[in-house]
Each structure stands twice: as structure tokens, then as C-alpha cells.
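User: I would like to go through this model with you. Could we begin with the aromatic rings?
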Amino acid sequence: MWPILGILTVAIGMTLYEVPSLVERNLKRELWVFFILLIFGVILSIAESLNLDIPNPSDFLTVIYKPFTDFILNIFK
């Protein structure tokens, strides 16, 4: 509970710090990117604090290259 509250507090603080200057300069695309990345980061941080299994990019690469690796290893047996 406390880690989630801390993550949300930091996210709100970052929003209060960054958004007014983006709105003042009329940077709409940057504002959208800021919110998308912030929400993505908050979701991942909350999932990590709850000890959920989060796949990483190397797992994805392993799935892609595993058949090729097995093929090469079978050739050199």
C-alpha cells in the first residue's frame, strides 16, 4: 500500500511540475507523450511493487531466437 501511495505521489508531483510549462508553451504533442510515458511508468512501477511477473525485452528476444539457436546447435552436434 505504501509503495503505491509513494509512486502516485511522485507521479502527481511530476505532473504538477511539468504540465503547467507545457500548457503555457502550447506543446500539445509533448503533453500527450508526457502523459503516455507517465501512465506507462506508473503502471509498471505499481506492478513491480506488487511483485507481479513483468516480462522484459530479453524474454521477447529469447522467444524469437530460440528456434534459430536450437537449429544451429543441432547442426553442430
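User: How many aromatic pairs does a search of the whole structure find?
Analyst: One aromatic pair is found in the whole structure, which is a predicted model. The ring centres of F34 and F35 are 5.6 Å apart and the ring planes meet at 70°, so the pair is edge-to-face.

User: And is F34 buried or exposed?
Analyst: F34 is buried, because its relative accessible area is 15%, under the 20% limit. F35 has 31% and is therefore partly exposed.

User: Which residues does the UniProt "transmembrane region" cover?
Analyst: According to the unreviewed UniProt entry, that annotation covers residues 31-50. In the model this span is 95% helix and 0% strand, and its end C-alpha atoms lie 28 Å apart.

User: Changing topic: what is the phi of N26?
Analyst: Phi of N26 is near 60°, a positive value in a residue other than glycine. N26 sits in the loop between helix 1 (2-24) and helix 2 (28-49), and is exposed at 54% relative accessible area.

User: What about N51?
Analyst: N51 also has a positive phi, near 60°. Its place is the loop between helix 2 and helix 3, and with a relative accessibility of 68% N51 counts as exposed.

User: Which residues form the nonpolar patch on the surface?
Analyst: The patch consists of F60, L61, I64, Y65, F68, F71, I75 and F76, with about 940 Å² of accessible area together.

User: Where is L61 found?
Analyst: L61 belongs to helix 3, residues 57-75. L61 is partly exposed, with a relative accessible area of 44%; patch members need over 30%.

Notes: Residues numbered from 1 in each chain as written. Predicted model: local features only at pLDDT ≥ 70, side-chain atom pairs only at ≥ 80, totals over all residues. Heavy atoms only, no water. Patch = residues over 30% accessible without salt bridge, like charges linked within 9 Å, V, L, I, M, F, W, Y side chains within 5 Å. Areas by Shrake-Rupley, 256 points an atom, 1.4 Å probe, with all protein chains shown as cover. Salt bridge = Lys/Arg side-chain N within 4 Å of Asp/Glu carboxyl O. Helix = DSSP H or I, 4+ residues; strand = E, 2+ residues; numbered from the N terminus. Buried < 20%, exposed > 50% of the residue type's maximum accessible area, 1.4 Å probe, protein only. UniProt positions renumbered as here; feature names shortened; annotations may be inferred. Phe/Tyr/Trp six-rings, centres within 6.5 Å; stacked < 30°, edge-to-face > 60°.
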